[in-house]
Amino acid sequence: TKTHWTLSGKNTVNDNGGISGDLSRTLPGNTLILHSDLMQMSVMKDIILMRTSVGVSSSEFILFKEGGTFSQADLNGTWYFEAIDYSTAKPGTTSGHMIIAGGTITGGDITITDNAGTITNNLTGGSFTMYSTTSHGFFKGSVKFGVHTLTINGELDSTKRIMIIRIGDT
C-alpha cells in the first residue's frame, strides 16, 4: 500500500532547493502533520529529503515523484546503500553495495556499526522481483549475508536511479 503525503500550509522553496513548511497526511478521523527540521529538494526537482524531530526521537523521509514504466532489468546494476538507525536500543549505521544481475544478487558487501562494534560481511545471495511495472516500480526480494536473510520490499523512483527499501530480518 502506498502512502501519499502532501506539502501543506505555507511552504517556500529557496534558490538552493531548501524547503520550509509542513508535510501532512489525512487519515480516517484526523490529519497527521509533520513539521520539518530540514527539507531539501534535489537539483532535478524529483526527490525531497526531510528530517523531523519530536523530543529525542527523529525520523527521516524520502519523498519522490512516481510515474513511468518499469521492468525487471531496471533493478540490474550496482546499488550503493547507507542507513542510519536512530533507535535508542541499538543506534548505528549500515552501508555497503550490492550487484544485481537478472534479478539475482551476484556480489557486494554490508558493514554494520553499532554500540557492539563493526561487522563486515560479503553478500552471499538473494534476489529481487519487480511486481508492478506500470507507474510504480514496486519490487520484493531478499538479501543474504552471514547467518542473516533480510526480506526486502521497495520501489524505484521515476528516474530508476533511486531505490527506496523497507527491511525485515528473518
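Which residue lies over the face of F70? K160 does, at 5.5 Å from the ring centre. Keep in mind that this is a predicted model.

Stay with K160. K160 also forms a salt bridge with D74. The closest N and O atoms are 3.5 Å apart. The structure holds 1 salt bridge, and that is the count. Where are the partners? K160 sits in the loop between β12 (148-156) and β13 (163-169). D74 sits in the loop between β6 (57-64) and β7 (77-85). The pair therefore ties together parts 86 residues apart in sequence. On accessibility, K160 is partly exposed, with a relative accessible area of 30%. D74 is buried, at 17%.

Next, the aromatics. A search of the whole structure gives 2 aromatic pairs. One is F128 with F139, and it is edge-to-face. The centres are 5.6 Å apart, with 70 degrees between the planes. F128 belongs to strand β10 (residues 117-130) and F139 to strand β11 (residues 137-145), so this pair links parts 11 residues apart in sequence.

Then Y131 and F138. Their ring centres are 6.0 Å apart and their planes meet at 25 degrees, so the pair is stacked. Y131 is partly exposed, at 47% relative accessibility. F138 is buried, at 16%.

Y131 has another contact. The charged end of K140 sits over the Y131 ring, 5.5 Å from its centre.

To recap: K160 meets D74 in a salt bridge and lies over F70, while Y131 stacks with F138 and has K140 over its ring.

Notes: Residues numbered from 1 in each chain as written. Predicted model: local features only at pLDDT ≥ 70, side-chain atom pairs only at ≥ 80, totals over all residues. Heavy atoms only, no water. Salt bridge = Lys/Arg side-chain N within 4 Å of Asp/Glu carboxyl O. Helix = DSSP H or I, 4+ residues; strand = E, 2+ residues; numbered from the N terminus. Buried < 20%, exposed > 50% of the residue type's maximum accessible area, 1.4 Å probe, protein only. Phe/Tyr/Trp six-rings, centres within 6.5 Å; stacked < 30°, edge-to-face > 60°. Lys NZ or Arg CZ within 6 Å of the ring centre and 35° of its normal.
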